[in-house]
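Good morning. I have one structure to go through today, and I will keep to what can be computed from it. Please have a look at it before I start.

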Amino acid sequence: MTLKVHKDIFFADEEEVYQIHPKKSEYVNLSENCLHLWKPIGHELGELVEKRYE
């Protein structure tokens with residue numbers, strides 16, 4: 001299955017969901033070939049990023 005199919009299964013059409021790619025030195029791989037989707041609870045990512053630069 002594609003990443004879009006997985007996103008569509010677990011999240012609503014209007015939810016912002018992100019795939020995080022950390023620095024290689026910070027990888028935590030408990031299962032090879034596993035992708036992680038992240039969604040901030042109670043915020044949109046743009047809102048959190050904008051506050052960083054205020």
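I begin with Gln19, which is partly exposed at a relative accessible area of 28%. On that scale, buried means under 20% relative accessible area, exposed means over 50%, and partly exposed is in between, with a 1.4 Å probe and protein chains only. Before going on, the ground rules: this is a predicted model, where local features need pLDDT of at least 70 and side-chain atom pairs count only at pLDDT 80 or more, while totals for chains, interfaces and linings use all residues. Residues are numbered from 1 along each chain as its sequence is written, and side-chain values use heavy atoms, with hydrogens and water left out.

Back to Gln19, which sits in strand 1. Helices (H or I, at least four residues) and strands (E, at least two) are DSSP runs, numbered from the N terminus. Setting aside neighbours within four places in sequence, Gln19 contacts Leu3, Leu35, His36 and Leu37; contact means heavy atoms within 4.5 Å. Gln19 and Leu3 are 16 residues apart along the chain, and their C-alpha atoms are separated by 9.5 Å.

In strand 2 we find Trp38, which counts as partly exposed at 36% relative accessibility. From Trp38 to Ile20 the C-alpha distance is 7.2 Å, for a pair 18 residues apart in sequence.

Now the overall layout. The protein has two helices and two strands, and from the N terminus on they run α-β-β-α. Of its 54 residues, 6% count as buried. Among contacts between residues at least 6 apart in sequence, 31% join residues at least 24 apart.

Next, charges. How many salt bridges are there? The count comes to two, where a salt bridge is a side-chain nitrogen of Lys or Arg within 4 Å of a carboxyl oxygen of Asp or Glu. One joins the side chains of Glu15 and Lys39, at 3.8 Å from N to O. Glu15 is in the loop between helix 1 (3–10) and strand 1 (18–19), and Lys39 is in the loop between strand 2 (37–38) and helix 2 (45–52), so this pair ties together parts that are 24 residues apart in sequence. Glu15 is partly exposed, at 26% relative accessible area, and Lys39 is partly exposed, at 26%.

Lys23 and Glu26 form a salt bridge too, with their closest N and O atoms 3.3 Å apart. Here Lys23 counts as exposed, at 54% relative accessibility, and Glu26 as partly exposed, at 47%.

Then there is Lys7, in helix 1. Lys7 is buried yet has no salt bridge, and the nearest side chain of opposite charge is Asp8, 4.8 Å away. For that search, Lys and Arg count as positive and Asp and Glu as negative, with His and the chain ends not counted. Beyond residues up to four places away in sequence, Lys7 touches Ala12, Asp13, Glu15, Val17 and Leu37.

Last, the largest pocket, with a volume of about 310 Å³. Of the 14 residues that line this pocket, the closest to its centre are Ile20, Pro22, Asn29, Cys34 and His36. A pocket is an open set of points on a 1 Å grid over the protein atoms alone, where a 1.4 Å probe fits, with protein on both sides within 12 Å along at least five of seven lines; lining residues have an atom within 4 Å of a point. The volume is the space filled by probe spheres set on the points, which are joined across faces, edges and corners. The lining divides into six nonpolar, six polar and two charged residues.

How values were computed:
Nonpolar A, V, L, I, M, F, W, Y, C, P; charged D, E, K, R; others polar.
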